[in-house]
Amino acid sequence: MVDFKKPASFKNAKDFRDYFKEIGADIDLADTPKSAEESSFSRELIYKSGINGKSKKIGNRWAILPMEGWDCLPNGAPSEQAIRRWLRFGTSGAKVLFGCEAVAVMREGRANTRQMFINEESAPAIGKLREQTIDAHRNRFGSGDDPLVGLQLTHSGRFCKPNDDKKLESKTAYSHPLLDKKFHCGPENVLTDGEVEDIIEHFIRAAKLAQNAGFDFVDIKQAHGYLGHEFLSAHTRTGKYGGSFENRTRFVKSIIEGIKSEVPGLDIAVRLSLSDMFPFEKGPDGIGRPMEFSGLYPFAFGGDGTGLGYDLSEPLAFLAFLYKLGIRMICSTIGSPYYNPHIQRPAAFAVADGYLPPEDPILGVARQIQILRKIKKLMPDFVFIGSGYTYLQEWLPQVGEWVLDQGAADMIGIGRMVLSYPNICSDYLEGKPLDKSKICRTFGDCTNAPRNGMISGCFPLDEYYKIREEAVRLKEIKQQKKS
C-alpha cells in the first residue's frame, strides 16, 4: 500500500503545508478559517449567460455538484430519498446547484434502473422537486431569488444499465482497445450515426422538459467517460462524428444548437473532464495500476499521449469552441469513476470493486486544482466551478480559500461531502466550527452500496442511512470480501 498521511492527522495549517511540499503537491491553504467578512467564499459573483444574455447575482462561492442517484422511481421520478437529498442541497447554503443530479435523457441511456430520467411522465415531479428545493432555501435563508439551479442531462454510453443493474448494455462512440476489454464491449456496441442523431433529439426534448420544469439551465455532460465525453476522443471513429476535431465535437454542438433553436431562453452549461488518463486495474497487491498498452495512447481527451500525463491544447480549443456557442459556465473534473477513480475522486479507501490508490490522494486533489488553475488563467471569461476537493476533509474550506484567492477557480464545488455534511457551506459562512462527525472520510460506501444493488447514501455518517437494513447488508458484504 502507498504510504501517506491522512488530512485528519494534521493539527495545524503549517504542518499540512509542509506535507504538501514534502510530497510535491503544488497547492496551499489559508492559515485559519476566515470570518464571513474576510472569506472569499462570501464574495458575490455576477454570472452573465452567453445564451440568453441574462445576468444573475450569485451570493457566494459554494456550489453543489451533480451526482448519479440510484434511488429514483422506475419511471424516473424522484423517490423519498432523492427528495430528501435535494432538500438538503437547498438548505446547504450553496448558491449554485450545478445540475443537482445526473438525469438520463432516455430510458436506454440510464446508468442504472433507478437513475433519475426526465420524460413526460416524470417531468412534473422533477419540477415540483425543484420548487421544493428553492422553498427549502428560502425558508432557511430568507430568500429564494439568488440560487442558480440547473439540471444535468446525460447519456451513460458505455456504462448503460437500463434493465438490470448487473448487466451492461453499452452504447459506445467507438471501439476502445482497453475499455472494451475491461467492460466486455465490442464493435457491436458502437452507435450508428442514425442512433447518435436520435440521442441528440432526446437531449433537446429533455432540455424542453427541464425548461418547462423551471430550471435556470441544463448541463450537457461531457465528462467521466460517458457518451458525450467519449465522442471527444473518438479519433478512430469514421463518419461525421469521429476523426477530426470538428467531427468529434459535432455531437455536443448539435445538442447545444438544437436547444438554442428549439428551447429559446434556456441557459446551457457544461461539466467537462479537462483531461483523462489510462484505465487502471487492481494489481496483485491491490493497488491500482494502468492497463497495459504499447505505443502512443490517443484515447485520452486532454492527454499527452503517454496515458499518464496531460496536454491542455485540445481542452483549450474545445473551451474556445464552447464559448463561441454561448457557454459561459463550466464545471471542471478529470478522469472517470469507472476506470481511474483515484484521478477523478481522490480517496483513501478502495471501493468494493476497485483498487487502493497508487498515489497519495492529495496529489490527485492538487492535479485537479492545478489543471483548472492553468485553464482559468488562459480562459478568464468563463465561470469555472472546481471539483475533487472532498478528500481534503476538514481542511477543504481553507484550501478553498487559497484556490479562490489565487483565482484558480471561481467557485468551489462539493459532491460526496454534501451527502454526509450538506451544511458545511452554511456552517463555514456563518463562522461555526465544522462538525467533524459529519465530514466525509472517503470510505466509498456511497458507491459500494449501489454497486451491490442497493440505494446510494452515506451509510457510515448519515443517521437516515445508518439505521436502514442496507447498512447491515453492506457491512456483511464488505466483511465477506475481506475474508
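**Salt bridges, a charged patch and buried elements**

Aspartate 71 has a relative accessibility of 0% and therefore counts as buried, where buried means under 20% relative accessible area, exposed over 50% and partly exposed in between (1.4 Å probe, protein chains only). The structure is a predicted model, in which local features need pLDDT of at least 70 and side-chain atom pairs count only at pLDDT 80 or more, while totals for chains, interfaces and linings use all residues. Residues are numbered from 1 along each chain as its sequence is written, and side-chain values use heavy atoms, with hydrogens and water left out.

The side chain of aspartate 71 meets that of arginine 85 in a salt bridge, with an N to O distance of 2.7 Å. A salt bridge is defined as a side-chain nitrogen of Lys or Arg within 4 Å of a carboxyl oxygen of Asp or Glu. This pair links distant parts of the chain, 14 residues apart: aspartate 71 lies in the loop between β3 (62-64) and α2 (80-90), and arginine 85 lies in helix α2. Helices (H or I, at least four residues) and strands (E, at least two) are DSSP runs, numbered from the N terminus. Arginine 85 also counts as buried, because its relative accessibility is 10%.

By the salt-bridge rule the count comes to 26. One of these pairs is formed by glutamate 314 and arginine 248, whose closest N and O atoms are 2.7 Å apart. Here too distant parts of the chain are linked, since glutamate 314 is in helix α9 (residues 313-324) and arginine 248 is in helix α7 (residues 245-248), 66 residues apart. Glutamate 314 counts as partly exposed at 24% relative accessibility, whereas arginine 248 counts as buried at 4%. Aspartate 435 and lysine 438 form a further salt bridge, with the closest N and O atoms 3.8 Å apart. Aspartate 435 is partly exposed at 29% relative accessibility, and lysine 438 is partly exposed at 36%.

On the surface, a patch of negative charge gathers Glu108, Glu195, Asp198, Glu201 and Glu262. Patches are made of residues with over 30% relative accessible area and no salt bridge, like charges being joined within 9 Å and nonpolar side chains (Val, Leu, Ile, Met, Phe, Trp, Tyr) within 5 Å. Helix α5 (residues 193-212) supplies the largest share of the negative patch, three residues. Aspartate 198 is placed in helix α5 and counts as partly exposed, with 38% relative accessibility.

Helix α12 (residues 396-406) is largely enclosed by the rest of the structure, because nine of its eleven residues are buried. The buried residues of α12 are Leu396, Pro397, Gln398, Val399, Gly400, Glu401, Trp402, Val403 and Leu404. Their cover includes α1 (13-23), β3, α11 (361-378), β13 (411-414), α13 (416-420) and α14 (424-429). Glycine 407 follows α12 and has a positive phi, near 70°.

Serine 456 is located in the loop between α15 (445-448) and α16 (463-466). With 9% relative accessibility, serine 456 counts as buried. When its neighbours within four places in sequence are left aside, serine 456 is in contact with Gly69, Trp70, Asp71, Cys446, Pro450 and Tyr465, contact meaning heavy atoms within 4.5 Å.

How values were computed
Accessible areas come from the Shrake-Rupley method with a 1.4 Å probe; for residues, only the protein chains shown count as cover. Lys and Arg count as positive and Asp and Glu as negative; His and the chain ends are not counted. The place of a charge is taken as NZ of Lys, CZ of Arg, CG of Asp or CD of Glu.
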